[in-house]
Amino acid sequence: MRRGPALAAVAVIGALALAGCGGSDSDSGSAASGAELSVDAAYIPQPVSDSMAAGFLTITNEGGTADELTSVTSDAGEITVHETVDGTMKEVDRLEVPAHGQLVFKSGGNHLMFEKLKQQPKQGQSVTVELHFAHSAPVTVKLPVKAATYQPTAGHSGQSEDSGH
């Protein structure tokens, strides 16, 4: 088994997970103290499989209230959110986006897993996803398809095509 597709899948799932984590019982109702979510560093390594891919991104919460990424949807296919703990990947229902923090989806970590793709994304194209949260409005993000070997710059905060606001 080659590690490339598995790592790519892990990376995709991690990215999605970042988008929807959060989730505290805080119910202040004040927009000023709520979650303030944005997304950057989003991408999909060009998949080697025609039915599966991974997605990665970073969800930043500049607000004073945590939120949770609860699901990710796309016309491209089914998407599940995976977290990786101690090298083991598992599908999760939600991931926290901490107040004044980030949820990061990266290769070898949390990722979005695209399954049952309607067509294989190719380098230079993009895939649009919608991130759904427990408390915040959905965020639509375009994930550009990069080379299968693409590695984001240190800090995982590369170009920001969609702010997510």
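**Labels and their cut-offs**

Tutor: Let's begin with aspartate 86, which lies in the loop between strand 4 (78-85) and strand 5 (88-92). Helices (H or I, at least four residues) and strands (E, at least two) are DSSP runs, numbered from the N terminus. This is a predicted model in which local features need pLDDT of at least 70 and side-chain atom pairs count only at pLDDT 80 or more, while totals for chains, interfaces and linings use all residues. Residues are numbered from 1 along each chain as its sequence is written, and side-chain values use heavy atoms, with hydrogens and water left out.

Student: Why does aspartate 86 count as exposed?

Tutor: Buried means under 20% relative accessible area, exposed over 50%, and partly exposed in between (1.4 Å probe, protein chains only). Aspartate 86 has 78% relative accessibility, so it counts as exposed.

Student: What is the phi of aspartate 86?

Tutor: Phi is positive there, about 50°, although aspartate 86 is not a glycine. For background, most residues other than glycine have a negative phi.

Student: Which loop holds lysine 116, and is that residue buried or exposed?

Tutor: Lysine 116 sits in the loop between strand 8 and strand 9 (126-133). Its relative accessible area is 60%, so lysine 116 is exposed. Its phi is near 50°, again a positive value in a residue other than glycine.

Student: What makes strand 2 "mostly covered"?

Tutor: Strand 2 covers residues 52-61, and nine of its ten residues are buried. Over the protein chain of 165 residues, 48% count as buried.

Student: Which residue of strand 7 stands opposite threonine 58?

Tutor: That is valine 104. Strand 2 and strand 7 (residues 101-105) pair in the antiparallel sense over five bridges. Strand 2 also pairs with strand 8 (residues 111-115), antiparallel over four bridges, and methionine 52 stands opposite glutamate 115 there.

Student: How many helices and strands does the protein chain have?

Tutor: One helix and ten strands. Contact means heavy atoms within 4.5 Å; among contacts between residues at least 6 apart in sequence, 80% join residues at least 24 apart.

Notes:
Two strands pair if DSSP finds at least two bridges between them.
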